[in-house]
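Have the sequence and the 3D view at hand.

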Amino acid sequence: MTTKLIKFEFKSSDIDQFSLIIQKSNDDDFHEEMVSNPQNFSLESNVEYVYMLRVKGNSSNKCELVISGASKARTPVKRKINAGQNSDTYLDLLIA
Amino acid sequence: MKHRISIIFIISLISFPNYAADSDAVSLGNALNSVGQAKVDNITSGGGSSFELTAGEKDKRVSLKWGVSSPQSVFTAVFSVPADSDGNTDLANLDGLAKYNKVTLNYKRTLFAKPTVPLMDLMKSCQNIQKKLNLKTDEGCALNDLIAKYDDNPEVLEQLLELNSKAWGNKPTIFWGGTATYGSKKMNFLDENTFEKNDETKYGWSISGYIGLFKTLDSAWALELKREESYKNADSEIKCPPNSTSDYVSCLSGAIGTPMKENKNIISLHYRKSFESFSISPSINFDNKSNEFGVDIPVFLFSSSDKQFVGGVNLGWTSLDDDLTFGVFVGKAFSFF
């Protein structure tokens, strides 16, 4: 098993609070949470993970998440809180 | 009831580069600052660094707050010295260390509720909904976008809201923290036997723990338990020692005897609420050693160009002397960059 460091970084944001959780797709015992920005996670190479971004803020608040070091990941992830809402929930897969 | 009017000016004069500027942009500290950036002594104040001057009849202080933040935590150190030196022990609140030179460390952290199901189950459920709606499944699952798009489809909306509820754990966001304060004060008094002027430096401390929750982003509750040890002057008296060498009598006034230790167990309920055009940050305090109550109600009325509340009026009351104080505070906007 080889691991690699995957970097998660919020580049720009006016969001007040956020939570980012990473779990292994086939093993939900693996559970990591972002506690600093940026943060590197040691993930198994070529293994699929699912992450969830939850943010709280006000309508039209934006944030941009950049993931680097992964074999396959959508980046940057640009999110915006919809009108009339005060939170946003986003899930996606990545391959380390 | 005595009514006193005090005018409190809180002026945030300068700011310092934030140690964790990038992360502070998405932090618990920002959420708490949305109510108001002044009043650094409030446990629910946010992150960042500032210099603050407080001037008033009962509460004159100079404070320097230094803070660092991570996305879900805030650590601040507030260095504070009293600006008045008249030895007046008349306090505007129940804080026995209000007249001390002191440093207060405050750490707080927010806790998002964990999702109630594994993330992969959420992802698969979301993809199933996307497939039924003939949507792409390879662009992630933006739950709130789907909720906004299908809010006129009750069946789909119900499934999406259920997913969202599982993702958020269906609980309010909680934060917890603690403070530690250590301070000193040079206390003047008259010797109870010789009536000579004397002074002693006394030290005081307090520790507290608190837990709170954000019901919504713009309102927060917090309950704080504090243990405090400080010193207070004995009651002031006027003494006129007998004088056999002169026809005139010289009198002295001041606290008679050495300062007395005072322990407090203070329970406080804090609330912060931001409205469209103003915000409030009231607290109710109770000392179960002396059975005294205190109430502090800052109302932020004025905001800066970056929409931060920095000025307003302050109401305070303690049962200690049944004394109502009214004040105003003003501030200066500052930025982290």
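A residue is called buried here when its relative accessible area is under 20%, and exposed when that value is over 50%. Keep in mind that this is a predicted model. With that cut-off, 49% of the 337 residues in chain B are buried. Chain B still exposes about 16600 Å², and carbon and sulfur atoms supply 56% of that area.

As for how chain B is built, its secondary structure comprises 5 helices and 18 strands. Among its contacts with a separation of 6 or more, 58% link residues 24 or more positions apart.

Now let's turn to one helix, α5 of chain B, which runs over residues 154-168. Its 15 residues reach 21 Å from the first C-alpha to the last, close to the 21 Å expected at 1.5 Å a residue.

Which residues of α5(B) are buried? They are Val156(B), Leu157(B), Leu160(B), Leu163(B), Asn164(B), Ala167(B) and Trp168(B). These residues cover an arc of only 130 degrees around the axis, so they sit on the same side of α5(B). Look at the other side of α5(B), and you will find Pro154(B), Glu155(B) and Glu158(B) exposed.

What do the buried residues of α5(B) pack against? Within chain B, their partners are α3 (119-132) and α4 (143-149).

Notes:
Residues are numbered from 1 along each chain as its sequence is written. Chains are lettered from A and ligands numbered from 1 in the order in which they are written. This is a predicted model: local features need pLDDT of at least 70, side-chain atom pairs count only at pLDDT 80 or more; totals for chains, interfaces and linings use all residues. Side-chain values use heavy atoms; hydrogens and water are left out. Helices (H or I, at least four residues) and strands (E, at least two) are DSSP runs, numbered from the N terminus. The expected span of a helix is 1.5 Å times one less than its number of residues. Buried means under 20% relative accessible area, exposed over 50%, partly exposed in between (1.4 Å probe, protein chains only). The arc is that of the directions from the helix axis to the C-beta atoms. Contact means heavy atoms within 4.5 Å. Accessible areas come from the Shrake-Rupley method with a 1.4 Å probe; for residues, only the protein chains shown count as cover.
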